[in-house]
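Here is a short report for a reader who is new to this structure. Look at the display first, then read on.

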Amino acid sequence: MFLTTGAGGSGDTATLVSAGPVTEPSWSWTPGQPIFLGLNGALTQTIEPSAVFTRRVAEVIDATTIEFSVGDAIAVI
């Protein structure tokens, strides 16, 4: 699993991160809360109510920086 470091369109070349710190000035994450893989691959700190499983993909360093590190899938019961 990888994280793209910017938006792109079909056919564009993307820069990918497999692990490590990633900073994006437009983010406003809540420190101390994990980041999960959300619907359509979006990053989220809220597990969707309809989710059957989720995956922790990052920890928040500060509001604009995360440590990307993919965890195991977690069943949501």
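Two strands pair if DSSP finds at least two bridges between them. By that rule β6 pairs with strand β8 (residues 73–75): three bridges join them, and the two run antiparallel. Within this pair, F53 has A75 in β8 as its bridge partner. The model is predicted.

**Overall form**

The protein chain has eight strands and zero helices. Read along the sequence, its pattern is β-β-β-β-β-β-β-β. The C-alpha trace spans about 40 × 30 × 20 Å along its principal axes. With 77 residues, a compact globule would have a radius of gyration near 11 Å; the protein chain has 13 Å, which agrees.

Of the 77 residues, 23% count as buried. The accessible surface comes to about 5,100 Å². Carbon and sulfur atoms hold 54% of that surface. Among contacts with a separation of 6 or more, 38% join residues 24 or more positions apart.

**How the strands pair**

| Strands | Sense | Bridges |
|---|---|---|
| β3 and β7 | antiparallel | four |
| β6 and β7 | antiparallel | four |
| β4 and β6 | antiparallel | three |
| β6 and β8 | antiparallel | three |

V22 has I66 as its partner in β7. D62 stands opposite T65 in β7. I35 finds its partner in β6, at A58.

What do β6 and β7 form together? They make a hairpin, with two residues between the strands.

**The nonpolar core**

In soluble globular proteins, nonpolar side chains tend to be buried together. Which residues make up the largest nonpolar core here? There are 11 in all: L3, V17, V22, W27, W29, I35, V57, A58, V60, I66 and F68. Two strands, β6 (53–62) and β7 (65–68), each supply at least two residues of this core. The largest share comes from β6, with three residues.

The bridges and the core share members. V22 and I66 are bridge partners, and both belong to the core. I35 and A58 are also bridge partners, and they too are core residues.

V60 is another core residue. Leaving aside neighbours within four places in sequence, V60 is in contact with W29, T30, P31, G32, Q33, I35, Q45, T65 and I66. W29, I35 and I66 are themselves in the core.

**A buried threonine**

T54 lies in strand β6. Is T54 buried or exposed? Its relative accessible area is 4%, under the 20% limit, so T54 is buried. Not counting residues up to four places away in sequence, T54 touches F36, L37, I47, D72, A73, I74 and V76.

**One salt bridge**

Side chains of opposite charge can pair when their charged atoms come close. How many salt bridges does a search of the whole structure find? The search finds one. The side chains of R56 and E59 meet there, at 3.7 Å from N to O. R56 counts as partly exposed, at 23% relative accessibility. E59 is partly exposed as well, with a relative accessible area of 34%.

**Two loop residues**

T5 lies in the loop between β1 (3–4) and β2 (16–17). At 41% relative accessibility, T5 counts as partly exposed. Beyond its neighbours within four places in sequence, T5 is in contact with T15 and V17. V17 is a member of the core. T5 and E24 are 19 residues apart along the chain, and their C-alpha atoms are separated by 8.2 Å.

N40 has its place in the loop between β4 (34–37) and β5 (43–44). Its relative accessibility is 85%, over the 50% limit, so N40 counts as exposed. Most residues other than glycine have a negative phi, and most peptide bonds are trans. What is the phi of N40? Phi of N40 is near 55 degrees, a positive value in a residue other than glycine.

Note on methods:
Residues are numbered from 1 along each chain as its sequence is written. This is a predicted model: local features need pLDDT of at least 70, side-chain atom pairs count only at pLDDT 80 or more; totals for chains, interfaces and linings use all residues. Side-chain values use heavy atoms; hydrogens and water are left out. A nonpolar core is a set of buried Ala, Val, Leu, Ile, Met, Phe, Trp, Tyr and Cys residues joined through side-chain atoms within 4.5 Å. Buried means under 20% relative accessible area, exposed over 50%, partly exposed in between (1.4 Å probe, protein chains only). Contact means heavy atoms within 4.5 Å. The radius of gyration is taken over C-alpha atoms; the globule rule is 2.2 Å times the number of residues to the power 0.38. Accessible areas come from the Shrake-Rupley method with a 1.4 Å probe; for residues, only the protein chains shown count as cover. A salt bridge is a side-chain nitrogen of Lys or Arg within 4 Å of a carboxyl oxygen of Asp or Glu.
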